Amino acid sequence: MCPHTPTCPEAAAPDREAARTIICHPEQGWSLLCNGIVIFEDTGELLPGGHAIGPHRPTDLPLPSHAAIHADTPDTPAA
Ligand SMILES: [Zn+2]
């Protein structure tokens, strides 16, 4: 499925993330590589066989603090 020469690493290769991006949807947070891997912006991956790999690299984006939001927000404001 890779149209490049030389061919990109296969989905099972250790350097699979070096394959080229053929579809990119940054607004949705994912990209499709030419070896069939869908890679997400949190570095998680979905392999062609359906096997998922969790995020395995730190990202530059700060994580939203859900815990702080829930801790400080009352369920129903007095009306
Ligand atoms: Zn390729």
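Helices (H or I, at least four residues) and strands (E, at least two) are taken here as DSSP runs, numbered from the N terminus. On that basis, the protein reads β-β-β-β-β-α along its sequence. That comes to one helix and five strands. The model is predicted.

**Strand pairing**

Strand E1 covers residues 21–25 and strand E2 covers residues 30–33. They run antiparallel. E2 also pairs with strand E3, residues 38–40, again antiparallel.

| Strands | Bridges | Residues between strands | Glycine with positive phi |
|---|---|---|---|
| E1 and E2 | four bridges | four residues | Gly29, near 85 degrees |
| E2 and E3 | three bridges | four residues | Gly36, about 95 degrees |

Cys24 has Ser31 of E2 as its bridge partner. Ser31 in turn has Ile39 of E3 as its bridge partner.

**Core and contacts**

Which residues form the largest nonpolar core? There are five: Cys8, Ala19, Leu33, Ile37 and Ile39. Two of these, Ala19 and Ile39, are also in contact with Leu33.

**Whole chain**

How much of the protein is buried? Buried residues make up 9% of its 79 residues. Among contacts with a separation of 6 or more, 22% join residues 24 or more positions apart.

Notes
Residues numbered from 1 in each chain as written. Predicted model: local features only at pLDDT ≥ 70, side-chain atom pairs only at ≥ 80, totals over all residues. Pairing = 2+ DSSP bridges. Core = buried A, V, L, I, M, F, W, Y, C linked by C-beta atoms within 7 Å. Buried ≥ 20, exposed ≤ 12 C-beta atoms within 10 Å, placed from the backbone. Contact = placed C-beta atoms within 7 Å. Lists of a residue's contacts leave out its neighbours within four places in sequence.
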